[in-house]
Amino acid sequence: MAGAIAAGNAVVVKPSELAEASATFIAETLPKYLDSDAVAVVEGGPEETTELLKNKFDYIFYTGGTNVGKIVYSAATKNLTPVTLELGGKSPTYIDNTVDIEVTTKRILWGKFINAGQTCIAPDYVLCSREVQDKFVEYAKLILKEWYGEDPQKSPDLCRIINSRHYSRLQALLNASKDKVAIGGKSDPQDRYVSPTILTNVSPDDKIMEDEIFGPILPIVPVDNAYEAIKFINAREHPLVLYVFSEQKNIQKLFTEQTRSGSLCVNDTIMFYGGKE
């Protein structure tokens, strides 16, 4: 929005109706500081968005889910309007046996459970050997207890799922994965609480692997090596982010050269988004 205004454009801002508090804040706050002739805020759900998209814009920037992204793109084509889509996806994380597994586990769990996993660049699933999987789970139990205590629901450092619809979606994923739960798996509909959950020995065909999780559930899919992991990643839609944990330069190079993603981060999560040194 800042870039568009700086280039001399007027801007229509449509905050997501799914984040009600944020949408209200934007609608109430922007008019206090910005000229309404330059910046207009439109609130509403699918019906209002559909009407809004009937207008002819010079450019549309959309960030959100793939399904709505397709709707926005389709509407834009009617007026040949250029579009930028920043969509989510299933961002993979690969771990090999050369890493410091305690540090690696901390970094992955931190990136996953920020905002209870409700960020578009959260690690969506892990690819690693069964040996690494067991070590990861062993350290994860200790780390999550240190961070969130014996009962994570009582922790002041763990937020809730943004709305009931998304809670129900995550609950369905948990119900379909009961036999894979290694850590967590608890939930409370009254509190919209889903505990930090790790699933092990997940199959590529499991329900949890169909769409972006966008919640505090981390599945681990066992693979034998980096080549199998790359084949797995390349067989799916290009991820928004790919995380690689390995001390081997040749493995890092392999993922850099043989995969395609919006961003690639080595031996860390999220930090690349925070800015450059």
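Guide: Gladly! Let's begin with the domains, whose bounds come from an automatic or database domain assignment. For the protein chain, that assignment gives domain 1 (1–87) and domain 2 (92–266). This is a predicted model, where local features need pLDDT of at least 70 and side-chain atom pairs count only at pLDDT 80 or more, while totals for chains, interfaces and linings use all residues. Residues are numbered from 1 along each chain as its sequence is written, and side-chain values use heavy atoms, with hydrogens and water left out.

Visitor: How far apart are the C-alpha centres of domain 1 and domain 2?

Guide: They lie 31 Å apart. As for contact (heavy atoms within 4.5 Å), 4 residues of domain 1 touch 6 residues of domain 2.

Visitor: How do I read the size of an interface?

Guide: It is often given as the accessible area lost when the parts come together. Here, buried area is what two parts lose on being put together, summed over both, using a 1.4 Å probe. Between domain 1 and domain 2 that is about 390 Å², with carbon and sulfur atoms giving 56%. L18, E86 and L87 supply 88% of the area that domain 1 buries against domain 2, more than any other three residues.

Visitor: And what about salt bridges?

Guide: Side chains of opposite charge can pair when their charged atoms come close. The rule asks for a side-chain nitrogen of Lys or Arg within 4 Å of a carboxyl oxygen of Asp or Glu.

Visitor: Which residue forms a salt bridge with K14?

Guide: That is E17, with the closest N and O atoms 3.3 Å apart. To describe accessibility, we say buried for under 20% relative accessible area, exposed for over 50%, and partly exposed in between (1.4 Å probe, protein chains only). E17 is at 33%, so it counts as partly exposed, and K14, at 25%, is partly exposed too.

Visitor: Where do K180 and D206 lie?

Guide: Their side chains meet in a salt bridge (2.7 Å, N to O). K180 is in the loop between helix 7 (164–175) and strand 7 (181–183), and D206 in the loop between strand 10 (197–199) and strand 11 (217–222), so the pair ties together parts 26 residues apart in sequence. Helices (H or I, at least four residues) and strands (E, at least two) are DSSP runs, numbered from the N terminus. K180 counts as buried at 16%, whereas D206 is partly exposed at 21%.
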